[in-house]
Structure formats: structure tokens, C-alpha cells
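Trainee: Could we go through this model together, one question at a time?
Mentor: Gladly, let's have a look.

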Amino acid sequence: MAAEPKEPSRTIVDQQRALLDRFPFSDTQDFDDADHGFLGTLPAGQIKDSDGRPVWDLGSYDFLTGDAPDSVNPSLWRQSRLAAKHGLYEVVEGIYQVRGFDLSNTTFVEGEEGVVVIDPLLTRETAAAALALYREHRGNRPVTAMVYTHAHADHFGGVKGMITQEEADAGRVPVIAPEAFMEHAISENVYAGTAMSRRSAYMYGAALARGPRGQVGAGLGQTVSTGEITLIPPTREITTTGQEEVVDGVRMVFQMAPDTEAPAEMLIYFPDHKALCTAEDATHTFHNLLTLRGAVVRDPHGWSGYLTEAIDLFGGKAETVFASHHWPVRGAGRVIEFLTVQRDLYGYVHDQTLRLLNKGLTGPEIAEELKLPPVLEKAWSTHGYYGSLSHNVKAVYQRYMGWFDGNPVNLWQHPPRERAVRYLEAFGGADAALALARTSYDAGDYRWTAELLGHVVFARPDHAAARELLADTYEQLGYGAENGTWRNWYLAGASELRDGRFGTPTQTASRDIVSHLSPRMLFDALAVQIDGPRAWNERLSIDVRLTDTGDHYRLRLVNGVLTHTGAEQHDTADATVTLPRASLRVLVGGALDADTLKAAGIHITGDTTVLPRLAAVLDPGDDDFAIVTP
């Protein structure tokens, strides 16, 4: 049975109430914008998969009414009330959005015969429910095109809930995406997918209880659905700004925005509707420059520049701006104002972080010192509900300077557990450190309390009193956080200290995504599973021949490194593996026993010990690895 959450402390209560005087809570424009055009929602409380398992609960945020309780930052409470609104909404005549059915929105643009879909949510089940809701209100229109604005799973993963692979293959439904979409979708969701998915469980809080002392949202949306992530590769790439496509009578003008919120991303202007889709580059939050789940650091300077370009291209023309998260902004003047504020937010943080790092300040120091200008701070859309000023500043520092802050004391530190053991020796033992932590907890210095207790728990993970107080500390930090992902992270840490690990609710490296990897991507995915030390003395070579495509590759395992090449080889491999392309994923899965290979149509000639030897040095990721304990 899960432990009961604690009351917010006086320190947190005072902080929450002070915020009510600091920010313009009387400004209700966002609520008017979010409610505009509402047509209806699903009466059923849950969206379920084919086995009857709930993957999304529409009613789980019904508690988000009225004023914020003391256990939730009032600014985050306001954002969560807005993001939790769910149903079908008219953006402008001919453009509709389903919001609140997943972390992201899906958009339907009506054409002459059917409907063009922009971003089909994260999972098959929520996408199917969104399409059904649209059709209930707008008629049984076929999907005539699928558009992915960028390469994050919550913008393509639900595609098979709306169209089939066969429709795309036959050309009946073009699948449109920015250049290099597949490369980045795979690299982010497969190569480091296990670690990112596990950390995403902390970031989005999908496994946490929902309520005023639990998960209240993630800032960008409420959380992630837990259904099946699917993928249909693009059949048409967008490569240049200004490129125009017309599908089913729907005119779309594209603006490329690579290396902004995603490595492959694009904005879309609909001239016949005077509406601009900003994908995820202008939303009602300060977005992540380095997401807490892990990713490549994003470029805020380029991001700001692309928003300037969007204003130049579409400012004065666009009368509505909408995104794949949150709610639209209407009115040509308000569109320009919204884009300008977002543009200046990313530009300011980039420029000021560089100004201060060039004066010798480190990332954490800049994060404490840097403040937004009053005009930017006053705008609700700049608040750090998903990204934060603190961790985005550190991301800018990391982008330019890397992990090392220049102080030699930080050049070769002991790893966390070894450092924790030494700290405890210096403190005089775990109980002495715990006493210091209790003093700082009572004083409301939760950051220092967490640092002290983190050492105790890493040195003595079985110390029950330290675990309990650290969980209480994380809980208070979560209660006070304006950032939804920070709150989730702290509460997830508290939950795992009290009740044990909860694993990974949503795996981005799904079977369907893996099935679309190119052979080279599959070999790379296999290479990152090699246990280097176990493979130091192993030497083997394998020719892989694909029966349906005629392609061939040479794999070599030497010095603990698995490499591949498609070039013609002039020596004989230890073994030759002949198989259809679709069976390559079996090799990556590591199940290389004879029965599995036979069932997959995989034939081996030469040294039949090669595949078992390869399997013996594979070390797949752990989707339940420890985070708050060693």
C-alpha cells in the first residue's frame, strides 16, 4: 500500500501565497482562448486498449477546479487547469483540434474530400479516440494526408490509430514530414530509448497518483498515454522554407526549423485559413533547451531566429496561431505579440547566459543570477512549466562549455556512491548527517536537506530514517515547484524511496518503431548493447544477406566494438546469415536460439557458434534502473 503524502510545510504555504501577489492571476484571457470553439468531448471516462487496459483517463484531472491548494504552486495549478481541458475544438472554420487526449494535440484540416491530420498523438489508442470524436461532430471524413511536424514520439506515435501502413504504401495517404525525420526519430527513441523512457517515467509522472498532493500535469500537457506507440515512415519530405504542398485541396506553406525544439521540425502556414501552426516552437510555456529525460542540447539562438523568420514570413497574414500543444491565440496583432514574446524569451536567455559565462560564471551560478525582464516575466507563456529558467540556463552553458566548469576540483571527482561514503565519514556517520538534515529541513532549506540526505542514502541505502526524510524533502520541493516536470520528478523520487521502483509505463522503442529501422540503424542499435569488457577477447565476423532487397553487410566484432559496412569484402566471414529484412529485428532483440531463428526464416551457414557467441556478449538496457538510490 502506497504511503500517504505529507502536508505542505509552512515554508511552502508561505511561498505559494506570496506568488498570488506576484503574478497577474486576474488575467483570464488564456481561459477564454482555451474554451473558444468547444464542440464536445467523449462521455466515457477512459480510453482503453484492445485488452481493456486503460491507457488514458479523461476524468482523472477533474479535481483541477477552483483555487490552488497549498500543496500545488498556484501558477502550475493555473496551467494544469488549462491543459486538462479536453475535447474537440474549432480553431478556425475548417481547422479543428482534439486536446486533452494525450500529452499533445492532434489537428484536423478539412479538405475537399477528407481531412489532413497534423500530428496524430502519442499512441494508437488515443489517436483512434480523437479521430472518432472528430468524426462524431464533423462527419465520417477519410484521412487524406498525415503530417508530422517533428520527430518526437508524441507527434507521430498514434499514426496507426488513424491510417494503415497499406494506405501509405499505396500512396492513398501521403505521410509528410521534415527532412531527416526518420534519422532523428530513431536516434532519440531507440539508441538511448531505454534510459529516456525510464527517466520519462519521472518526468511525466504517468505512474503517480493524480490529485492535489500528487501528479497535476506536466506543463506542456498533462502526462503521456500508456498505449502502443506506432510509426509509418514518411513518404514525402519537406526540405526548404517556402515549399508549398496542396493535398486534398488544402494549401500548406512550410517553414523549416531544424535544431529548435527537435532536430527535425517544421512550421506550417495555411494561407486559405490565415492560420499558422508553430509545431512545438511557440507554446504557452518556456520549453526545454535540454529536456530532463535526456536529449541533445537544443539551440536557443537558432530557435529565436526561426521565430523571427516566422514573424517576417507570416506576421500580419496569420490571424490565428496554434500549436501541437496548448490552445490557439487569435487576432493578427496578438499573433505577432505572442511570437515576439516567445522569440525574445529564447534569445534573451541565450544571450545573457553567454554574457555571464564570459565573465566566468558557471551554469549553476548563472541559473541563480539570471532574471527575465519584467515584460517577459509578466507574460504567462514564458513561465517555466515544462522547461525552466534554471535548467535551461544550465543547458545553454553545457551547449557551449560542456560538463566541466573549469574548476579543477570538479575535474576528477569520485562517483556518487564513493563520494557519499567519504562525506558520511567527514560528517561523523549517517546519524550525524541525518541530524544536520533535520535541522535544515525544519528551517525550510530543502535544497540543502536533499543534498545532505542524498549522500546518506547513496552510502547507506537501507537507512530507513534517511530515506523517509529525503522522501519528505522531495515532496516539499515538488509542492513548491512551478515546473510540472520538476514536481513530477520530485514526487516520483519520493514515491520510489517509500514504495519501491515503478519501472517504465511507456516504452518509446516499441516493436513497431523498431520494425522500421533501416539495416544500418538496426546494427547500430545492436552495437550499443555490446558489453565491451565481456567482448574484449571475442573476434567474429558475419555476412548478412537480405533475401528480399538483395542488400548485404559485413558485421565485425573486434576489441569490444561491433562495426558494419556495406562495401564488398574480399575475405570470407565466419558465418553467413540469410534472412528477409523484416527479421533483422530478431537479431537486435538478442533472442538468437535455434527455434527463434527458424521461426523468423533466418538461415546460417559457416560457423554456427557465431550467433550464440554474439548473443553471449549482449547486455540489453534495464527499464527499471535505480535513480534515487545507488
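Trainee: How does the lining of the largest cavity divide by class?
Mentor: First, a word on the source: this is a predicted model, where local features need pLDDT of at least 70, side-chain atom pairs count only at pLDDT 80 or more, and totals for chains, interfaces and linings use all residues. Residues are numbered from 1 along each chain as its sequence is written, and side-chain values use heavy atoms, with hydrogens and water left out. Ala, Val, Leu, Ile, Met, Phe, Trp, Tyr, Cys and Pro count as nonpolar, Asp, Glu, Lys and Arg as charged, and the others, Gly among them, as polar. On that scheme the lining of the largest cavity has 13 nonpolar, 10 polar and 6 charged residues.

Trainee: Which helix gives the most to the lining of the largest cavity?
Mentor: A cavity is a set of points on a 1 Å grid over the protein atoms alone where a 1.4 Å probe fits but cannot get out, and its lining residues have an atom within 4 Å of a point. Helices are DSSP runs of H or I, at least four residues, and strands are runs of E, at least two, numbered from the N terminus. Both α6 (181–191) and α7 (193–204) supply at least two residues of this lining. The top contributor, with 6 residues, is α7.

Trainee: Which residues lie nearest the centre of the largest cavity?
Mentor: The space in this cavity is about 340 Å³, a volume being the space filled by probe spheres set on grid points joined across faces, edges and corners. Its lining comprises 29 residues, and nearest the centre are S200, Y204, V224, R293 and T508.

Trainee: What is the volume of the second largest cavity?
Mentor: The whole structure holds 5 cavities of 30 Å³ or more. For the second largest cavity, the lining divides into 7 nonpolar, 7 polar and 3 charged residues. Its volume is about 120 Å³.

Trainee: Is T353 buried or exposed?
Mentor: T353 sits in helix α9 (residues 332–357). Leaving aside neighbours within four places in sequence, T353 is in contact (heavy atoms within 4.5 Å) with I366, L370, V393, V396 and Y397. Buried means under 20% relative accessible area, exposed over 50%, and partly exposed in between, with a 1.4 Å probe and protein chains only. Because its relative accessible area is 0%, T353 is buried.

Trainee: Does Q46 count as buried, partly exposed or exposed, and what is the relative accessibility?
Mentor: Q46 lies in strand β2 (residues 46–48). Not counting residues up to four places away in sequence, Q46 touches P54, W56 and D57. Q46 counts as partly exposed, with a relative accessibility of 37%.

Trainee: Which side chain makes a polar contact with the side chain of N483?
Mentor: N483 is in the loop between α16 (464–480) and α17 (484–499), and is buried at a relative accessible area of 3%. A polar contact is a pair of N or O atoms within 3.5 Å; within protein, one must be able to donate a hydrogen and the other to accept it, and residues adjacent in sequence count only if both atoms are side-chain atoms. At 2.5 Å, the partner of the N483 side chain is that of T485.

Notes: 1 Å grid on protein atoms, 1.4 Å probe; cavity = no way out; pocket = protein on both sides within 12 Å on 5 of 7 lines; lining within 4 Å.
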